[in-house]
Amino acid sequence: MRLVFALAMAVALVVGTTVAVSAVLNAGPVAEASASSATPAALAASPAPAQADALPAPTIVGSSVAAVDLCADATVTAALAAGDDAAVIAAAGGPDGLRQGVAAGTLACVSLSDPGHVWTVVNKNRPFQPVDYEPSPRELPAGVRSIEGGTLRSDAAAALSALVAAAAAEGAGEIALESGYRSYVTQQNNFGSGGPEVEASVARPGYSEHQSGLAADVVACDGGGCGTLDDLAATPQGAWTAANAWRFGWIVRYEAGRTDVTGYIPEPWHLRFVGTELAQAYHDGGWLSLEEFFGLPAAPTY
């Protein structure tokens, strides 16, 4: 009898343990669903599961993508050698892949200091290399009124033409180019003797985005005349530009609330061409400065 009783107890323990384990394993999603719908008071009043400390913690395996040296990829190096920025971005995994690779240091071959690429960053801590760099080829944007007769780098010129045509077609009105490319010497004249007040809105020679041929100051026109730079923000053209420039590869470079990062007062008229891929990522991510977009230090002063 004792042997039979012992065997019966053993079976009961095994079966009971199996049922308990099955209950724990199968109850996970149900318990989570119940917790997510419970009120804070109910959650506070509910005692913790008796065996919670005994359950193993989940192991999260990190992604190895950040450790990959993208510059060892032949597709990336070939695109760089060809000067094909769009192909480089695609080979890096898209605009976010390029942005993250630059910030993480896994794309050392993509230099933000190279003014020949759309991703270049020029600010008060990052002068041109060489300081008297001149972009080529440059041209006047077709179909765009040019106040100062300034040119842009060819890809930026075509993109501004598309932007201006779309603004007119979509009922915003005429947008004109106030100022485009400025040489090192021209910026010397614009900067003059400098000083804190000047430096809040005018870059030192060798530090101006206009020298890249990728920056455009735009104004609104109505019929025969055009307004000033300061007028733009209050016009339909200004509102349309702020909302739509990214569609054509442009961003508003100096946003309100970012002077401590960019070093410049808000300039809703100052557009910077970064290409359609990067501009969309910039817009979709809600970024407000290229410094933050690429994980660079703020550059409020020289």
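**Close-ups of the disulfides**

**View 1. The link of Cys71 and Cys109 is left-handed, with -95° about the S-S bond.** Their sulfur atoms sit 2.1 Å apart in this disulfide, a term used here for a pair of cysteine sulfur atoms within 2.5 Å. Welcome to a predicted model, in which local features need pLDDT of at least 70 and side-chain atom pairs count only at pLDDT 80 or more, while totals for chains, interfaces and linings use all residues. Residues are numbered from 1 along each chain as its sequence is written, and side-chain values use heavy atoms, with hydrogens and water left out.

**View 2. Cys71 is buried, whereas Cys109 is partly exposed.** The relative accessibility is 17% for Cys71 and 30% for Cys109. Here buried means under 20% relative accessible area, exposed over 50%, and partly exposed in between (1.4 Å probe, protein chains only).

**View 3. Cys221 and Cys226 form a disulfide with their sulfur atoms 1.9 Å apart.** The torsion about the S-S bond of Cys221 and Cys226 is about 95°, so this disulfide is right-handed.

View 4. Counting bonded cysteines along the chain, the disulfides follow the pattern 1-2, 3-4. As a friendly reminder, a disulfide is a covalent bond between the sulfur atoms of two cysteines.
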